[in-house]
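Morning, everyone. Please bring up the sequence and the model on your screens. I'll keep this brisk.

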There are 2 protein chains.
Amino acid sequence: MYDFTTPFANPAGSPIRELFKYLSEPGMISFAGGYPASDLFDVDGLAAAQARAFAQPTRCLQYGPTDGLAELKAQIIALMAQRGAPCASEELLVTTGSQQGLDLLLRVMVAPGDVVVTEQPAYPATLQALRLQQAKIVTVPVDADGLDVAQLSTLLRDGKIAVPKLLYTVPTFANPTGATLSRERRIALLKLAVEYRFVIVEDDPYGDLRFSGEAVPTMLGLTAEVPGSRDWVVHFSSLSKVVAPGLRVGWTVAPPEIARRCVVAKQTVDLCSVPWTQAVAAEYLAEGSLTRHLPKITEAYRLKCEAMCNALRDKLGDAIQFHAPQGGMFVWARLAAVKTSALLPNAIAEKVLFVPGTAFFADNVDEASLRLSFAAPAVTAIEEGVARLARAMGATGK
Amino acid sequence: MYDFTTPFANPAGSPIRELFKYLSEPGMISFAGGYPASDLFDVDGLAAAQARAFAQPTRCLQYGPTDGLAELKAQIIALMAQRGAPCASEELLVTTGSQQGLDLLLRVMVAPGDVVVTEQPAYPATLQALRLQQAKIVTVPVDADGLDVAQLSTLLRDGKIAVPKLLYTVPTFANPTGATLSRERRIALLKLAVEYRFVIVEDDPYGDLRFSGEAVPTMLGLTAEVPGSRDWVVHFSSLSKVVAPGLRVGWTVAPPEIARRCVVAKQTVDLCSVPWTQAVAAEYLAEGSLTRHLPKITEAYRLKCEAMCNALRDKLGDAIQFHAPQGGMFVWARLAAVKTSALLPNAIAEKVLFVPGTAFFADNVDEASLRLSFAAPAVTAIEEGVARLARAMGATGK
């Protein structure tokens, strides 16, 4: 009836959101979504921040600046400095989650047919955003140390791939693999970006959620060590995983020329993100509440991750391969001789959800892979969920 | 340095937002933005709604459904029924202001080169969104009864313009003209849409702000009287002008096939609008607070509009022409023998801001026109602002 000729008129939804319909089934245990645990939200701290924010009601209730409330920008600048990646106000814009940061950046920088490199496997919403923007997606594999930068270098040097407009990566506790890009590879990647003139898009929602191993600086922070590289890094971060997704407070740090264009695009897209929750976030950060709260959630996620890894080893043994992550929310695994998309219906029958790996591949799908999130369920539910997974695998006939 | 080849890489910001830099000048009186009056916000009612919403903190703090919180959708469905335009849940999505509704619709429905008809003059952010989407904008003039539907009919019948993909209109208290499309013209426009198969985009942020004259049903409501027309109307509304813009709660009512695609696009754009302020809005509406608050703000805007119209007549006399609006936030005017863009610097020197009409024209600019918003300033400031405008006109040498 209607003439849907634009790439955005895609009738198929996100493969992960498709699974959400099963969440309401009684007794379902979900390892599927990347939701933080609701029982870890700092409800009291946020209620106090809300009270302080609403003491100036106009700031919450009126339209705000398109690039974000000045008070929140100041707090984010302080937070980024604390993380070893200082930035200036003209480099910074607040977005509706970092998902909107990616959308704005793609609209500003990626024309149909432009090459964008992603890790393989990669976050499905990014793949979807790139497809809708009609980018040509080129994938580079990930191993336990993150993106295989040496392979990227060879591909570029030999002219096997076109110089990309952007390279998208989640270098710390990647979604879905949980892998962290080593310091050496980060430096090598920054040098490649300077040499070939492409923009590294560093998506960093999980970086604060480290529960073991040694911290690695962000790509943005490391630009200080690679001359000229600051011009070639765009950094996304967010309060969704460390405070609460319901604030929808994300941000973009980008070279001023790029940041300014993203702000102009945002004027047309939604005028401004919600000033009310921006004011709450500013008050929350100003009190130092995130610094106080972070050890509590990283310890909780450490225990959940440990419970999942132990249960997977105990209950599945040789039938599963995975690397225990040092932070974040995900265990990425491979099953011996099982297609995970065929396993899913049996898992749902056993009342446990996961995301089959197919969703994370732009090409060369690994049918045996799956993503398990340990963030939302309680430790006992994680153990029970893995037991159900083992039963489902038995039923699938491994 | 960067290769900005996309239409969205536009470095020029909104002509109205450009004026905002003058707002911080001490003593400035602004008739420029379309901001509601901050002192009319129902701070107590919203604080009470916030307390009720946060009694279920997870609903506020966790990710929400992409199409909007179920509780808010139920309240919006009730509100739309009360406004005489009932709708179903599958037709409804919640957006980050109605501005985002337009962005999603254009991304789903408008391919480069598609024809979109707008009123002339029209809301600049809409013109900008259409340009960035590379639509071919065709304008049809507006008079005191709104869009000249007879002229549109003739243009279509004679093949003078291509059948548009969309027709964008603010039929009630238009931005910028303040005009309201008559009932007869609404019916005629619905019939044209059915005959020629184009989508009418009814943007209705101001409809509840009527302070004189008789109510006219929305285009969406009138679809009940024109067979087949329901398939050809997309309706936007918002709490920004009647409750508070800081909630960023807007919504789209669209045929299910269109609504579903907008929801899928929104997954990629920002996953979901802020659940927290959606929950506050749901609680606010559930208590009947909007119904109680609306008479207070319409009366306040009536007095402000009256003050502005009286002052314009008193201080400018024959030097200005305008129709007093029956609602909304704007007086649209023409000055005798003055280019309003040339007047603006003198007005700023006199400490009064307005928007020159040029911003509202896609073609055939009327250089003598200007938009004056009476919503934000107090009555005494409105009177003083018009006096300053008169002095500025004297200085411009009319």
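Let's start with one residue. Leaving aside its neighbours within four places in sequence, which residues is A:Ser30 in contact with? There are four names to find: A:Leu23, A:Leu353, A:Ser373 and A:Pro377. Remember that this is a predicted model.

Where does A:Ser30 sit? It belongs to strand 1 of chain A, residues 29-30. Is A:Ser30 buried or exposed? Its relative accessible area is 19%. The cut-off for buried is under 20%, so A:Ser30 counts as buried. Its side chain also reaches a backbone atom. That is the nitrogen of A:Ala32, at 3.0 Å.

Next, a sheet in chain A. It is an open sheet of four strands. Read the order as 10-11-14-13, with antiparallel pairing. Which strands stand at the edges? Strand 10, residues 320-322, and strand 13, residues 355-356, of chain A. Each has a single partner strand, so one side of each has no neighbour in the sheet. As a reminder, strands of a sheet pair through backbone hydrogen bonds, either parallel or antiparallel.

Zoom in on one pairing. Strand 10 and strand 11 of chain A share three bridges, in the antiparallel sense. Strand 11 covers residues 330-335. Look for A:Phe322: opposite this residue, in strand 11 of chain A, stands A:Ala333.

On to salt bridges. How many does the structure hold over all chains? The count is 48. Take A:Arg83 and A:Asp208. Their side chains meet in a salt bridge, at 2.9 Å from N to O. A:Arg83 is in the loop between helix 3 and strand 2 of chain A, and A:Asp208 is in the loop between strand 7 and helix 8 of chain A, so the pair ties together parts 125 residues apart in sequence.

Chain B has a salt bridge between B:Asp208 and B:Arg83, at 2.9 Å, N to O. Here too the pair ties together parts that are 125 residues apart in sequence.

Another one in chain B joins B:Glu350 and B:Arg391, at 3.1 Å, N to O. B:Glu350 lies in the loop between helix 12 and strand 12 of chain B, B:Arg391 in helix 13 of chain B, and they are 41 residues apart. B:Glu350 is partly exposed, at 25% relative accessible area. B:Arg391 is partly exposed as well, at 43%.

Salt bridges can also link up. A:Arg52, A:Arg59, A:Glu71 and A:Glu283 form a network of them.

Last topic: the interface. Here 79 residues of chain B are in contact with 79 residues of chain A. The two chains bury about 6900 Å² between them, 62% of it on carbon and sulfur atoms. Which three residues supply more than any other three of the area that chain B buries? They are B:Tyr2, B:Tyr63 and B:Arg107, with 12%.

Four salt bridges cross this interface. One salt bridge joins B:Lys165 and A:Asp3, with the closest N and O atoms 3.8 Å apart. Between the chains, 34 residue pairs are in polar contact. Several helices of chain B give two or more residues to this side, including helix 1, helix 4 and helix 10. Helix 9 of chain B gives the most, with nine residues.

That's my tour. Thanks, everyone.

Conventions
Residues are numbered from 1 along each chain as its sequence is written. Chains are lettered from A and ligands numbered from 1 in the order in which they are written. This is a predicted model: local features need pLDDT of at least 70, side-chain atom pairs count only at pLDDT 80 or more; totals for chains, interfaces and linings use all residues. Side-chain values use heavy atoms; hydrogens and water are left out. Two strands pair if DSSP finds at least two bridges between them. Buried means under 20% relative accessible area, exposed over 50%, partly exposed in between (1.4 Å probe, protein chains only). Contact means heavy atoms within 4.5 Å. Buried area is the accessible area (1.4 Å probe) that two parts lose on being put together, summed over both. A polar contact is a pair of N or O atoms within 3.5 Å; within protein, one must be able to donate a hydrogen and the other to accept it, and residues adjacent in sequence count only if both atoms are side-chain atoms.
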